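Hi,

Here is the structure I promised to pass on. Have a look at it first, and then read my notes below.

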Amino acid sequence: MFRFDTFSDVVTQELVPFIDSNYRTLANRENRAIAGLSMGGFQAWQIDLNHTGMFSAIGGFSGGGSIPQGGQETAYTTLLQDPETLNKTMEILYLSIGTEESKQFYETVNGFHRQLTEAGIKHVYYESPGTDHEWQTWRRSLHQFAQLLFK
């Protein structure tokens, strides 16, 4: 499992407080989401599921996570292995991939989607038709994710 502790600390302890103190935000979890592209999507899942008190929605565009099979227990692994709590805790879990992305990316993200489905974790999965690991995939994903956030 990747470890992003330093980046996670910067986002949760420095970046979010900076944004909330310098911009007109609704500074609570119900009005805060995290999303990312590719590795940033993977990091968004890691950060959010380890800090569910900070974010209510996750978007992973060409990047997601995995349900760990044993190993170190963290808030992330505990939530992914407890679908009932996760479904009550998170408002939106979003995952997307382009249909023409490399086999490795496609299988990783689609595999995570299948793991979530098999575990009974509610999520939105989107495949961008005919696109690769590129801006068009991520534009389409952001468009769909934003509509879920701002309805």
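Helices (H or I, at least four residues) and strands (E, at least two) are DSSP runs, numbered from the N terminus. The model is a predicted one, in which local features need pLDDT of at least 70, side-chain atom pairs count only at pLDDT 80 or more, and totals for chains, interfaces and linings use all residues. Residues are numbered from 1 along each chain as its sequence is written, and side-chain values use heavy atoms, with hydrogens and water left out.

The chain has 6 helices and 4 strands, and from the N terminus on they follow the order α-β-α-β-α-α-β-α-β-α. Of its 151 residues, 42% count as buried (under 20% relative accessible area; exposed is over 50%, partly exposed in between; 1.4 Å probe, protein chains only).

Phe18 is part of helix α1 (residues 5-22). Phe18 counts as partly exposed because its relative accessibility is 46%.

Now to the largest pocket, whose volume is about 550 Å³. A pocket here is an open set of points on a 1 Å grid over the protein atoms alone, where a 1.4 Å probe fits, with protein on both sides within 12 Å along at least five of seven lines; lining residues have an atom within 4 Å of a point. The volume is the space filled by probe spheres set on the points, which are joined across faces, edges and corners. Of the 26 lining residues, Asn31, Arg32, Ala33, Ile34 and Phe55 are the closest to the centre of the pocket. Helix α1 gives the largest share of the lining, 6 residues.

Best wishes
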